[in-house]
Amino acid sequence: MKILLDEYMKKRNLTERQVSIMTGLSKSTIHEIKGGSMPRIDTMVMLAKGLHMKVRDLTDSTDI
């Protein structure tokens, strides 16, 4: 399963700082996720909530 944060950010022209502010997650966490690190589920929930989307929309998996 891949997290599609980098693609989302590019489409919307968002910086790591902007996503950090929107989600309440640190810039380093955003950077790690963009780099391929698998976040914990609570981090995924914060990310999805801050970006006004569903957790399943942040992944390339159909299993969620």
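This is a predicted model: local features need pLDDT of at least 70, side-chain atom pairs count only at pLDDT 80 or more; totals for chains, interfaces and linings use all residues.

Me: How do H2 and H3 cross, and at what angle?

Reply: Start with the terms: helices (H or I, at least four residues) and strands (E, at least two) are DSSP runs numbered from the N terminus. Axes are lines fitted to C-alpha atoms, for helices over the stretch in contact, and angles run from 0 to 180 degrees between N-to-C directions. Here the axes of H2 (residues 16-23) and H3 (residues 27-34) come within 8 Å and cross at roughly 115°. That makes H2 roughly perpendicular to H3; angles under 35 degrees count as roughly parallel, over 145 as roughly antiparallel, 65 to 115 as roughly perpendicular and the rest as oblique.

Me: Which residues make that contact?

Reply: Contact means heavy atoms within 4.5 Å. H2 contributes Glu-16, Arg-17, Val-19, Ser-20 and Thr-23, while H3 contributes Lys-27, Ile-30, His-31 and Lys-34. By class there are 2 nonpolar, 3 polar and 4 charged residues in the contact of H2 with H3. For the classes, Ala, Val, Leu, Ile, Met, Phe, Trp, Tyr, Cys and Pro count as nonpolar, Asp, Glu, Lys and Arg as charged, and the others, Gly among them, as polar.

Me: At what angle do H1 and H3 pack?

Reply: H1 (residues 5-12) packs with H3 at about 110°, their axes 8 Å apart, so these two helices are roughly perpendicular to each other. Leu-5, Asp-6 and Met-9 of H1 meet Ile-30, Ile-33 and Lys-34 of H3. This contact has 4 nonpolar, no polar and 2 charged residues.

Me: Now single residues. Is Thr-23 buried or exposed?

Reply: Buried means under 20% relative accessible area, exposed over 50%, and partly exposed in between (1.4 Å probe, protein chains only). Thr-23 counts as buried because its relative accessibility is 9%. Leaving aside neighbours within four places in sequence, Thr-23 is in contact with Ile-30, Met-46, Leu-47, Gly-50 and Leu-51. A polar atom of the Thr-23 side chain also lies 3.2 Å from the backbone nitrogen of Leu-25.

Me: And what does Met-22 touch?

Reply: Met-22 is found in H2 and is partly exposed, at 36% relative accessible area. Not counting residues up to four places away in sequence, Met-22 touches Leu-14, Gly-50 and Leu-51.

Me: What does the side chain of Thr-59 reach?

Reply: A polar contact is a pair of N or O atoms within 3.5 Å; within protein, one must be able to donate a hydrogen and the other to accept it, and residues adjacent in sequence count only if both atoms are side-chain atoms. The Thr-59 side chain reaches the backbone oxygen of Arg-56 at 3.3 Å. Thr-59 sits in the segment after H4 (41-50) and counts as buried, at 7% relative accessibility.

Note on methods: Residues are numbered from 1 along each chain as its sequence is written. Side-chain values use heavy atoms; hydrogens and water are left out.
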